Amino acid sequence: MTTEQKNNHALILRTNGEFEIIDWPATDARGHLETLYRATESNAVDGIDISPTLTMWLNNPAPNANAPVNRAATILYALHREPHQHYHGTVVITGGADPQGETLGLTKDEVAALVEIHLMSIPVTVPGQRDRRNS
């Protein structure tokens with residue numbers, strides 16, 4: 001397995017449209033929880049299976065009604081399953097689980113595909129061409 005194919009990344013989606021790619025620890029359940037707690041700024045998380053190969057982790061208690069809706073997380077869920085609620089707060093996207101039940105990270109290719117979906121879900125203003133006479 002090459003470095004590009006290793007499942008050693010996770011994707012943080014924030015409510016303001018920002019995202020961050022982080023390192024996912026090797027098979028270490030304690031390291032997984034510490035990473036999730038730090039990323040969601042909480043000490044309890046719930047995992048929601050989006051698909052067999054994608055899990056969304058969010059702050060518990062759920063739903064976190066005081067946090068803003070995470071539009072990107074809600075859209076990502078809806079692309080895979082019938083939506084039934086909005087998701088709130090910062091979420092972390094990881095891979096599914098291995099046969100022993102350990103949470104897997106994402107490959108670089110999986111992260112790239114998720115970032116592309118994320119960027120298509122947020123409103124982006126692209127500036128027009130600048131005319132040197134107006135600068």
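**Helices, strands and how they pair**

Tutor: Helix α2 (residues 71–80) lies across β1, β3, β4 and β5, at about 40° to β3. This is a predicted model, where local features need pLDDT of at least 70, side-chain atom pairs count only at pLDDT 80 or more, and totals for chains, interfaces and linings use all residues. Residues are numbered from 1 along each chain as its sequence is written, and side-chain values use heavy atoms, leaving out hydrogens and water.

Student: What makes residues 71–80 a helix?

Tutor: Helices are DSSP runs of H or I with at least four residues, strands are runs of E with at least two, and both are numbered from the N terminus. Residues 71–80 are such a run, so the label α2 applies.

Student: And what angle does helix α1 make with β3?

Tutor: Helix α1 (residues 29–40) runs at about 95° to β3 and lies across β1, β2, β3, β4 and β5. Contact means heavy atoms within 4.5 Å; axes are lines fitted to C-alpha atoms, for helices over the stretch in contact, with angles from 0 to 180 degrees between N-to-C directions.

Student: Why do β3 and β4 count as paired?

Tutor: Pairing takes at least two DSSP bridges between two strands. β3 and β4 have six, running antiparallel, so they qualify. G47 has W57 in β4 as its bridge partner, and two residues sit between the strands of this hairpin.

Student: Why are β2 and β3 at the edges?

Tutor: The open, antiparallel sheet has the order β2-β1-β5-β4-β3. β2 (19–23) and β3 (45–51) each have a single partner strand, so one side of each lacks a neighbour in the sheet.
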